[in-house]
Amino acid sequence: MITLSNIKKYYMDGYDRIEVLKGVSFSVREGEMVAIMGRSGSGKSTLINIIGGIISPDEGNVLIDEAYTDYSDERALLKLRREKIGFVFQDFALINKKTVLENITFVVRSKNYKDNKYAKVKQLIKDVGMAEKTDKYPFQLSNGERQRVAIVRALVDNKKVILADEPTGALDSENAEKIINILKKKVKEDDRIAIIVTHDSEVAKHCDKIYYMDYGILKEKAL
Ligand SMILES: Nc1ncnc2c1ncn2[C@@H]1O[C@H](COP(=O)(O)OP(=O)(O)OP(=O)(O)O)[C@@H](O)[C@H]1O
Ligand SMILES: [Mg+2]
C-alpha cells in the first residue's frame with residue numbers, strides 16, 4: 001500500500017513562493033490502478049516524482065509498504081527506485097545507444113526475467129506489438145513505439161509500483177487501449193499498484209479510481 005499524508009511542495013519564482021501541492025493525502029492499495037487527471041501545470045508530474053523518490057516534498061510523508069520514504073538518504077532512494085518503482089517518464093527516457101531489447105534488459109535484476117534469454121521480457125515486447133523492433137535503436141522508432149518500450153521497461157521485474165506519466169500520450173486510441181489493458185492485467189494478476197497520470201478520459205475510465213488535481217489539492221472524482 002502507498003499512503004501519502006499532507007504532501008506539500010513549493011517552488012520559488014523569484015521572491016514568490018508558488019505552492020504546487022498544498023497538502024495531498026491519498027492511498028492506493030495493492031491491485032488498484034488509479035488515474036490522476038488535471039490541467040497542465042497543476043502538479044501531477046511533481047506528485048508522482050515525489051512518490052517515485054525523484055524529488056522531495058517540503059512537508060508530509062510517503063509510506064510505501066510500511067516504510068516511510070527517507071528523502072535525505074540518497075542510497076535508500078536509489079534502492080527504492082531500483083527495487084520497487086517502475087517509472088514511465090513523460091519523455092520516455094530511453095538510451096539512444098541501446099537497442100529496444102537492451103533498453104529494457106539493462107534494468108532487469110530478477111532471475112525470473114533473465115531466464116531463457118529474457119523470454120519474459122520478449123513476451124512483453126510482443127504483447128505491446130513491438131516484436132519486430134527489438135533490435136532497433138530509439139532514433140529508428142516512432143514516438144508511440146518509444147512509449148511502448150518505456151512501458152515494458154517499467155513492467156519488468158514485477159516492480160511493485162508502476163508510476164506512469166502520460167503513458168499513452170503518444171499512442172493512437174487503439175494502442176492506448178491495448179497498453180492500458182496490459183497495465184491493468186499486470187496490476188490485477190500480480191497485486192501491484194499503478195498510478196497513471198493522464199489527460200485521456202478513455203484511459204482514466206479503465207482505472208479503479210479517478211483523482212483530479214485541483215489547485216494543489218487532490219480530489220476523488222466520481223466514476
Ligand atoms: N523545478 C521547478 N522549479 C520551478 N517550478 C517548477 C519546477 N518544476 C515544476 N514547476 C512548476 O510547478 C507546476 C507543476 O508542474 P508539473 O510538471 O508537476 O505539472 P503537470 O501537472 O505535470 O503538467 P503537465 O500536464 O503539463 O505535464 C508548474 O507550474 C511548473 O512550472
Ligand atoms: Mg506533467
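In which order do the 6 strands of the open sheet lie? In this predicted model, the order is S6-S7-S8-S3-S9-S10, and the pairing within the sheet is mixed. Strand S6, residues 85-88, and strand S10, residues 217-221, form the edges, each of them pairing on one side only. On average, and with direction ignored, neighbouring strands of this sheet are turned by 20 degrees against each other.

Within the sheet, strand S3, which covers residues 33-37, pairs with strand S9, residues 209-214, in the parallel sense and over 4 bridges. In this pairing valine 34 stands opposite lysine 209, which belongs to S9. Helix H1, made up of residues 44-51, lies across S3, strand S7 (161-165), strand S8 (193-197) and S9, and it runs at about 155 degrees to S8.

Turning to the chain as a whole, there are 7 helices and 10 strands. The radius of gyration is 17 Å, close to the 17 Å that the globule rule gives for 223 residues, and therefore the chain is as compact as a globular protein of that length. The following table sets out some values for the whole chain.

| Property of the chain | Value |
|---|---|
| Box filled by the C-alpha atoms, along the principal axes | roughly 50 × 40 × 35 Å |
| Buried residues, of the 223 residues | 40% |
| Residues 24 or more positions apart, as a share of contacts with a separation of 6 or more | 69% |

How values were computed: Residues are numbered from 1 along each chain as its sequence is written. Chains are lettered from A and ligands numbered from 1 in the order in which they are written. This is a predicted model: local features need pLDDT of at least 70, side-chain atom pairs count only at pLDDT 80 or more; totals for chains, interfaces and linings use all residues. Two strands pair if DSSP finds at least two bridges between them. Helices (H or I, at least four residues) and strands (E, at least two) are DSSP runs, numbered from the N terminus. Axes are lines fitted to C-alpha atoms, for helices over the stretch in contact, and angles run from 0 to 180 degrees between N-to-C directions. Two residues are in contact if their C-beta atoms, placed from the backbone, lie within 7 Å. The radius of gyration is taken over C-alpha atoms; the globule rule is 2.2 Å times the number of residues to the power 0.38. A residue is buried if 20 or more other C-beta atoms lie within 10 Å of its own, exposed if 12 or fewer, and partly exposed in between; C-beta atoms are placed from the backbone.
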